[in-house]
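Colleague: Could you take me through this model? I would like to understand how it is put together.

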Amino acid sequence: MAIKGSTATKTAKSLFLTFTVLLSLSFFIFFFFFTSPVTEPTNSLPQTSFLSSQNSIKVYVANLPRSLNYGLLQQYWDSDHPDSRIPSDPDHQISTAHFSKPTKYPPYPENPLIKQYSAEYWIMGDLETPQGMRTASFAKRAFDVNEADVVFVPFFATLSAEMELGSGSGAFKKKAGNGDYLRQKKVLDFVRNTDAWKRSGGRDHVFVLTDPVAMWHFREEIAPAALLVVDFGGWYRLDTKSSGGTSSDTIRHTQVSLLKDVIVPYTHLLPRLQLSENQKRHTLLYFKGAKHRHRGGLVREKLWDLLVNEPGVIMEEGFPNATGREQSIKGMRSSEFCLHPAGDTPTSCRLFDAIQSLCIPVIISDNVELPFEGMVDYSTFSVFVAVSDALRPNWLVSHLRSISEKLKNEFRQTMAKVQPVFVYDNGHPDGIGPIPPDGAVNHIWRKVHQKLPAIKEAIVREKRKPANTSIPLRCHCT
């Protein structure tokens, strides 16, 4: 019995030892395979680098003379001639005389005809802001052009054009006696003589041309560049050789394209209404603007005649300037829908005033292009109507009345979320300071960043073409 007990004890010890060894081996295998660092393949490094570059775009600012941006702005304030196009110019009154004192960064005009195009001021202000204050900016300033993704041309082209138009000289489309023409020529001469322009043919240069007539005299020369525009309306040209010049369907637009250019918002002129401040709206549809316009705006006249006597519809002549601003605020904030027909161009600042007023936009413009599409879905807070439907008697009002309260509330809730996307103002009167991270300036640079592959491809393709090659102009289809 002693022998059997001894054998059993040895067997138990042997089993325990075996179990211990297996358990130790299991722990070793676990820690070796599951906790040891995994070495990534070398081909993952370029992808990591590419992903990190998505957080910014490197922008070099061309060294234009100050007289073409902030110096030009100072010249505007130094002038004692009010804008001849409006009855009351808010910038050239006794109360604003203190702005004539020279300053490094003068404020942008309050004149609504100019202020609506102020993107150039806020984009430039962001780039001029000291680096330590630009942590929220998507555009990172490069001080070596060879390290930049794009070259920003800091010409206040809209201000230049509007100063000439507002002078009442009638010389805008002429060269003689036209200060805007001379400034445009100075800009073009400067950039075309730089190594950066010669290397890329201007394709990686960025111009802000929010005014439909900005850089009017040299559009063909700057067409290869990336253009920041509010729409393409001022660039399209009817091909008069087709259909005896009577067709509005054939349009030549070889100078602008969604492949390289960016649609940017107008600057809204009315203040933001918070969703919590929204009150009961008693008017169905509101519009304030000029009845008579040119080109696509002819539709506006027909709409006006159809709607002016409709119950629940308000159609007012005017512009949200110093005298009509309060009226516009009241009209948009008390209306369910705000009409947005085409004018001289397919869009206007009225759309962005409506968004800030939480007034559901009714967009009647078949050729409209909108800012930040792909980032913003306008169908979630706007009503799009074909021109042919809008011009049917009684159709538009009936359609708007059929939209449920639930859907209208959803539209306004979505609008409240996207309101900041269309804001340029950074809260600093001189435009210098941190920008809103979710505002218009950052969204513009994100859009430019999306164009970089196409820009770089165009530069490479141009380089390999033999000398004296003739390439016909083509339609850059959108």
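Colleague: How many residues of strand 11 (residues 335–341) are buried?

Modeller: Seven of the seven residues in strand 11 are buried, and the strand is mostly covered. Buried means under 20% relative accessible area, exposed means over 50%, and partly exposed lies in between, with a 1.4 Å probe and protein chains only. Strands (E, at least two residues) and helices (H or I, at least four) are DSSP runs, numbered from the N terminus. Please note that this is a predicted model, in which local features need pLDDT of at least 70, side-chain atom pairs count only at pLDDT 80 or more, and totals for chains, interfaces and linings use all residues. Residues are numbered from 1 along each chain as its sequence is written, and side-chain values use heavy atoms, with hydrogens and water left out.

Colleague: Which strands pair with strand 11?

Modeller: Strand 9 (residues 283–288) pairs with strand 11 in the parallel sense over three bridges, and strand 12 (residues 360–364) runs parallel to strand 11 and is joined to it by five bridges. Two strands pair if DSSP finds at least two bridges between them.

Colleague: What is the strand order in the open sheet?

Modeller: The order of its five strands is 10-9-11-12-13, with parallel pairing. Strand 10 (313–316) and strand 13 (383–384) each have a single partner strand, so one side of each edge strand is left without a neighbour in the sheet.

Colleague: Changing topic, where is M215, and is it buried or exposed?

Modeller: M215 is in the loop between strand 4 (205–208) and helix 9 (219–222). M215 counts as buried because its relative accessibility is 0%. Its phi is near 55°, a positive value in a residue other than glycine.

Colleague: What about N394: buried or exposed?

Modeller: N394 counts as exposed, because its relative accessibility is 52%. N394 lies in the loop between helix 13 (387–390) and helix 14 (395–401), and its phi, near 70°, is likewise a positive value in a residue other than glycine.

Colleague: Which side chain makes a polar contact with the side chain of D204?

Modeller: The side chain of S200 does, at 2.6 Å. A polar contact is a pair of N or O atoms within 3.5 Å; within protein, one must be able to donate a hydrogen and the other to accept it, and residues adjacent in sequence count only if both atoms are side-chain atoms.

Colleague: Finally, how far apart are the C-alpha atoms of F152 and A62?

Modeller: They are separated by 6.0 Å, although the two residues are 90 residues apart along the chain. F152 lies in strand 3 (residues 150–152) and is buried, with a relative accessible area of 2%.
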